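Here is a note for a colleague who is opening this structure for the first time. Please read the points with the model on screen.

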Amino acid sequence: SPEFKEALDGAIAKLKASIPPEASAALEQPLAHFTSEYFTSLSNAAASGATNPDGSPITPHQAVKNMLTTLSYGLKYGVVD
């Protein structure tokens, strides 16, 4: 949906800004792809009427929040020198 596309664009911009310069060449493309796949999945789920386990709707805001939290953990704990 356009709402998920807009949220995806914002999330990828934040992702690119958060990757350390020394890791950008190795991480930017794979993480942008992973993010795009995640947003596509949630957009398709929302369009099909799927909901969260608590019954609330799946939203672009939720996708951004979940993905940026996941990526921040990965950058903080998953990147080793």
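1. A definition comes first. A residue is buried at under 20% relative accessible area and exposed at over 50%; partly exposed lies in between, with a 1.4 Å probe and protein chains only. Ala-50 is partly exposed because its relative accessible area is 33%. Ala-50 sits in the loop between H2 and H3. Leaving aside neighbours within four places in sequence, Ala-50 is in contact (heavy atoms within 4.5 Å) with Ala-45 and Ile-58.

2. Some ground rules. This is a predicted model: local features need pLDDT of at least 70 and side-chain atom pairs count only at pLDDT 80 or more, while totals for chains, interfaces and linings use all residues. Residues are numbered from 1 along each chain as its sequence is written, and side-chain values use heavy atoms, with hydrogens and water left out.

3. The overall layout. The chain has three helices and zero strands. From the N terminus on, the order is α-α-α. Helices (H or I, at least four residues) and strands (E, at least two) are DSSP runs, numbered from the N terminus. The C-alpha atoms fill a box of roughly 45 × 25 × 15 Å along the principal axes. Of the 81 residues, 27% count as buried. Take the contacts between residues at least 6 apart in sequence: 67% of them join residues at least 24 apart.

4. The core. Which residues have the most contacts inside the largest nonpolar core? They are Phe-4, Leu-15 and Phe-39, in a core of 17 residues. Helix H1 (2-18), helix H2 (21-47) and helix H3 (60-78) each give two or more residues to this core. H1 supplies the largest share, six residues. A nonpolar core here is a set of buried Ala, Val, Leu, Ile, Met, Phe, Trp, Tyr and Cys residues joined through side-chain atoms within 4.5 Å. In soluble globular proteins, nonpolar side chains tend to be buried together.

5. A closer look at Phe-4. Set aside its neighbours within four places in sequence. Phe-4 is then in contact with Phe-39, Leu-42, Ser-43, Ala-46, Ile-58, Thr-59, Pro-60 and Ala-63.

6. H1 against H2. Two packed helices are described by the angle between their axes and the distance between the axes. The axes of H1 and H2 come within 10 Å and cross at roughly 155 degrees. Axes are lines fitted to C-alpha atoms, for helices over the stretch in contact, and angles run from 0 to 180 degrees between N-to-C directions. H1 and H2 are therefore roughly antiparallel. Angles over 145 degrees count as roughly antiparallel, under 35 as roughly parallel, 65 to 115 as roughly perpendicular and the rest as oblique.

7. H1 against H3. Here the angle is about 20 degrees, with the axes 9 Å apart. H1 and H3 are therefore roughly parallel. Their crossing is right-handed. H1 residues that meet H3 include Glu-3, Ala-7, Lys-14 and Ser-18. Among their partners in H3 are Val-64, Leu-68, Leu-71 and Leu-75.

8. Charged pairs. How many salt bridges does the structure hold? There are two. A salt bridge is a side-chain nitrogen of Lys or Arg within 4 Å of a carboxyl oxygen of Asp or Glu. One joins Asp-9 and Lys-5 at 2.7 Å, N to O. Both lie in helix H1, four residues apart, about one turn of the helix. Asp-9 is partly exposed at 40% relative accessible area, and Lys-5 is partly exposed at 47%. The side chains of Glu-28 and Lys-16 also meet in a salt bridge, at 3.7 Å, N to O. This pair links distant parts of the chain: Glu-28 is in helix H2 and Lys-16 in helix H1, twelve residues apart. Glu-28 is partly exposed at 24%, as is Lys-16 at 43%.

9. One more residue to check. Is Gln-62 buried or exposed? Gln-62 counts as buried because its relative accessible area is 17%. Gln-62 belongs to helix H3. Not counting residues up to four places away in sequence, Gln-62 touches Asn-52 and Pro-57.

Conventions. Left-handed = near helix turned anticlockwise from the far one by under 90°.
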